[in-house]
Amino acid sequence: MAGALPLKAIQHHIRTAQEHEKRDPVVAYYCRLYAMQTGMKLDSKTPECRKYLMKLMDQLEMMKKELLDNESITQELVGHAHIENYALKMFLYADNEDRSGRFHKNMIKSFYTASLLLDVLSVFGELSEENIQHRKYARWKATYIHNCLKNGEVPQAGPIGMEGEAYDDEFGAEGGGPSLDPQGSLQPQPSFRGGVAEPGPAAMPPPNYNNIQIPPGSHAPANTPAELPRPSGEPVKPVPIPRTMPVVDPSLVNTNQEGDVRLTPEDFTRAQKYCKYAGSALQYEDVSTAVLNLQKALKLLTTGKE
């Protein structure tokens, strides 16, 4: 019965929440919120599912009270920036490992977890086209590299033409979907074999995404936000990323408004968003992203243009 549960579709998001319980409660909260909202759409009438979702709601209420002073919970704009930055950090870490030809379980999990967190962004509204493409690429890469390593093949590094990658959902034959326990967690999670998140066939994008623009992996942080455990076997050496001072747009040195600039309420909202993104980036010591967003805010406020 467990394997047929509609809530199987949210098991990876619940697992991600559990993994971030202490590491990053904000990520854990929004993963559970996404799981609850998605679960309600999937099946809110079956007694077992309804019981689980009610417990998940109680858990969310408890977390919300505990995180009452956290702006990422009380302000959606800040929460969105927190989850998006976290997801893209994981994506860029995995992309850097991929482009460098370092294929291992941690980078597969980073790709797939990034795709899950981009799912989670939908609690704030529709995903941007860029994030939709990142999600497709990350999920496809996780599956492609996983299958290559499983079959003893060497994956092709970096962006390649996406072709349909068949994924054998082998954990489904092992008694696989989640069962619901009284503690409000989905158990077991057989799709994480050896600590690796294994994407299912429903998550696969259609073929031929050849025009996806993937940001260069050289921007990956030296320390990934997920603090992933080392894979068994040969350890992966960290990639030292030199801290270079970002280039400042000379035109922004003069912070006086140009002429008769009339800012709309939407302009102020966008400028505030850029500042929030900058603050979130600084939580990960990402100076370049912080400076870039501050420059965008400054340009908008002084010229009325982006």
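**Figure 1. Threonine 302 counts as buried, at 6% relative accessibility.** Buried means under 20% relative accessible area, exposed means over 50%, and partly exposed lies in between (1.4 Å probe, protein chains only). Threonine 302 sits in helix α9, which covers residues 287–303. Helices (H or I, at least four residues) and strands (E, at least two) are DSSP runs, numbered from the N terminus. A polar atom of the threonine 302 side chain lies 2.8 Å from the backbone oxygen of leucine 298. A polar contact is a pair of N or O atoms within 3.5 Å; within protein, one must be able to donate a hydrogen and the other to accept it, and residues adjacent in sequence count only if both atoms are side-chain atoms.

The model is predicted: local features need pLDDT of at least 70, side-chain atom pairs count only at pLDDT 80 or more, and totals for chains, interfaces and linings use all residues. Residues are numbered from 1 along each chain as its sequence is written, and side-chain values use heavy atoms, with hydrogens and water left out.

**Figure 2. The protein has 9 helices and 4 strands.** Along the sequence, the pattern reads α-α-α-α-α-α-α-β-β-β-β-α-α. The protein has 306 residues, and 47% of them count as buried. It exposes about 15,800 Å², of which carbon and sulfur atoms supply 53%. Accessible areas come from the Shrake-Rupley method with a 1.4 Å probe; for residues, only the protein chains shown count as cover. Take the contacts with a separation of 6 or more: residues 24 or more positions apart account for 71% of them. Contact means heavy atoms within 4.5 Å.

**Figure 3. Helix α3 has a buried side and an exposed face.** The helix runs over residues 47–66, 20 residues in all. From first C-alpha to last it reaches 29 Å, close to the 28 Å expected at 1.5 Å a residue. The expected span is 1.5 Å times one less than the number of residues. Cys49, Tyr52, Leu53, Leu56, Leu60 and Met63 are buried in α3. They cover an arc of only 95 degrees around the axis, so they lie on the same side of α3. The arc is that of the directions from the helix axis to the C-beta atoms. The face turned away from the buried side carries the exposed residues Pro47, Lys51, Asp58, Met62 and Lys65.

**Figure 4. Methionine 63 belongs to helix α3.** Its relative accessible area is 7%, so methionine 63 is buried. Beyond its neighbours within four places in sequence, methionine 63 contacts Glu21, Pro25, Ala28, Tyr29 and Arg32. Tyrosine 29 is 34 residues away in sequence, yet the two C-alpha atoms are 6.9 Å apart.

**Figure 5. The largest nonpolar core holds 51 residues.** Such a core is a set of buried Ala, Val, Leu, Ile, Met, Phe, Trp, Tyr and Cys residues joined through side-chain atoms within 4.5 Å. Tyr29, Tyr30, Ile83 and Phe111 touch the most other members. At least two core residues come from each of α1 (11–19), α2 (25–42), α3, α5 (76–99), α6 (105–120) and α7 (129–150). Helix α2 gives the most, with 10 residues. Setting aside neighbours within four places in sequence, tyrosine 30 contacts Ser72, Ile73, Gly79, Ile83, Val120, Val123 and Phe124.

**Figure 6. Helices α2 and α6 are largely enclosed by the rest of the structure.** In α2, 13 of the 18 residues are buried. The end C-alpha atoms of α2 are 25 Å apart, which agrees with the 26 Å its residues should span. In α6, 15 of the 16 residues are buried.

**Figure 7. Histidine 13 lies in helix α1.** Histidine 13 counts as buried because its relative accessibility is 4%. Neighbours within four places in sequence aside, histidine 13 contacts Cys31, Tyr34, Leu116, Asp119 and Val120. Methionine 36 is 23 residues from histidine 13 in sequence, and their C-alpha atoms are 10.0 Å apart.

**Figure 8. Phenylalanine 91 lies in helix α5.** Phenylalanine 91 has a relative accessible area of 1%, so it is buried. Threonine 113 is 22 residues from phenylalanine 91 in sequence and 8.4 Å away in space, C-alpha to C-alpha.
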